[in-house]
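Hi,

Here is the structure I promised to pass on. Have a look at it first, and my notes follow below.

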Amino acid sequence: MWRNYHKQRGTCAMLSDSCGRMRSMKIAISFFVRGDANLPRKTSPQQPLEPSAVPKMSRSAVISVAIFLVAHLALLIGLTTPDKFVFDEVHYVPAARQMLAPAMSQPMLNPMHPPLAKELIAASIAAFGDNAFGWRYPATLFGALAIVAIYLCGLALFSAQGPAIAAALIAGSNQMLYVQARIAMLDIFALAFGLLATAAFMHGFRRERPQALFALAGGLFGLAAACKWSGLFPLGVCILIVAVIRLMQGWRTLFADAKPDDWYRPDLWPSFRLHHVALCFAVLPGVAYLAAFVPLYGVSLPDLIEAQRRIFADNTTTAIAGHTYMSSWPSWPLLARPVWFLFDKGAEDNVAAIVFLGNPLVLWPALIALTVVLRDFIVARRWDAFLIAAFYFGPWLAWALLPRTLGFIYYYLPAATAASLALVYVLRREGLPRWLLWVYVGVAAAGFATMLPVSAAFVGTSMRTFGRLMLFQSWI
């Protein structure tokens, strides 16, 4: 425990822990690219892989690594600007620093969130120094992993490389992910773990024996929750999906005109038993979650219980309204109220700004795409539309159930990132030309470039251009 060891030992332990988690990410990626994502569209998920599919798997692994490297390098550009705290870094960086102390001081800083993301920030500070690069570097790693995870989700849903790559490019063109992946906050860590878990669940959904992939998903969901409790929302979606399917099977539900693309089949997961459900979606998430607390509390049960009580109290108590940038969950898809992370006005009317807003050319068209996804889920019963709708609406609408009155648009980040899958789903429908999807990817990239001056402080802009990009009064 950091509390009981000297600083040097604590640093080594954190670096070892960080390396272990990175190895876990590599294992996760290898699981996904060995899935059934490369099978032809009409191939049954129960059929064994053809020998010719092996090169396709290798290509998926190479593409995953390439996406990670390109995204990571892009996120590193201008990372240290500004070299001061930005927005909520003022809460999380001091908490990470406290973890590095030879004897951790009291009271504990930022006890209202689980420790994993702050531990990762602390490990980076130990490795790279207590500076802007050290604070923010882990966010770039996990931002790149989040984009890879969308690619892996695309492989599971679309069974083709092109649409999966397009989904990753669209997700990367969304300012929400870009801004959050360049700041020392908790959300990007929860997002990356949650999306990797979602990809594992999607790859296992149509398998005869989904146990291994569902177990991997459960462990990753536990790590997401160990960063921020909102990481529990997609886990809840998975539990609800499994419960509904098992209930329908128990009721011997049948569709009169059953189709291969139905989201529900009476023969789905024949060997997936109740104890598998408990292990994958309760035990493994719980173990992964609690493991993040061991470096701080050891195995002291009273301390662990008290930590959970404090987190629960702070995250379920109705907050006092009045924050400048607060917004309610129904307004987030409309981009009604952004959050200004940074606004520095320099000499000669120069502005360095970071506005958490999102790419309007991605998120507004996504609302139309999501109506099509909902229609196909309800009317055509398509399994891919079902999963896209579940992992978009679940993490977003969960905020409507909480008693807190204080909300921010960056809570919409998981749903906004999953929206890229809805756009690809619609743009690759039969009857549409293939080039249309790639034209849209170019449009999304153009929107990203246009909004970059208000998304990255190192770019800078004039006050006049800043005013033009703030299209609505509510954005100011």
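Predicted model: local features only at pLDDT ≥ 70, side-chain atom pairs only at ≥ 80, totals over all residues.

**What I found**

α10 (232-250) has 19 residues and spans 27 Å from its first C-alpha to its last, close to the 27 Å expected at 1.5 Å a residue. Its buried residues are Phe233, Pro234, Leu235, Val237, Cys238, Ile241, Val242, Ile245, Met248 and Gln249. What do they pack against? The partners are α8 (187-205), α9 (211-225), α11 (274-291) and α15.

The largest pocket holds about 1000 Å³. It is lined by 41 residues, and Trp229, Ser230, Phe233, Trp399 and Leu402 are the closest to its centre. Phe233 is also among the buried residues of α10. Which helix gives the most to this lining? That is α10, with 7 residues. At least two lining residues each come from α3 (89-99), α10, α13 (301-316) and α15 (383-397). By class, the lining of the pocket has 27 nonpolar, 9 polar and 5 charged residues.

Searching the whole structure turns up 5 cavities of 30 Å³ or more. In the largest cavity there is about 240 Å³ of space. Of the 20 residues lining this cavity, Leu191, Ser230, Pro234, Pro395 and Pro414 are the closest to its centre. Ser230 has also come up among the residues closest to the centre of the largest pocket. For the cavity lining, α8 gives the most, with 6 residues. The helices that each supply at least two residues there are α8, α10, α15 and α16 (413-427). The classes in this lining are 14 nonpolar, 4 polar and 2 charged.

Why is Pro138 classed as buried? Its relative accessibility is 5%, and buried means under 20%, so Pro138 counts as buried. Leaving aside residues up to four places away in sequence, Pro138 touches Leu120, Ile121, Ser124 and Phe189. Of these, Ile121 is 17 residues from Pro138 along the chain, and their C-alpha atoms are separated by 6.3 Å.

Best wishes

Definitions and conventions
Residues numbered from 1 in each chain as written. Heavy atoms only, no water. 1 Å grid on protein atoms, 1.4 Å probe; cavity = no way out; pocket = protein on both sides within 12 Å on 5 of 7 lines; lining within 4 Å. Points joined across faces, edges and corners; volume = space filled by probe spheres on them. Helix = DSSP H or I, 4+ residues; strand = E, 2+ residues; numbered from the N terminus. Nonpolar A, V, L, I, M, F, W, Y, C, P; charged D, E, K, R; others polar. Expected span 1.5 Å × (residues − 1). Buried < 20%, exposed > 50% of the residue type's maximum accessible area, 1.4 Å probe, protein only. Contact = heavy atoms within 4.5 Å.
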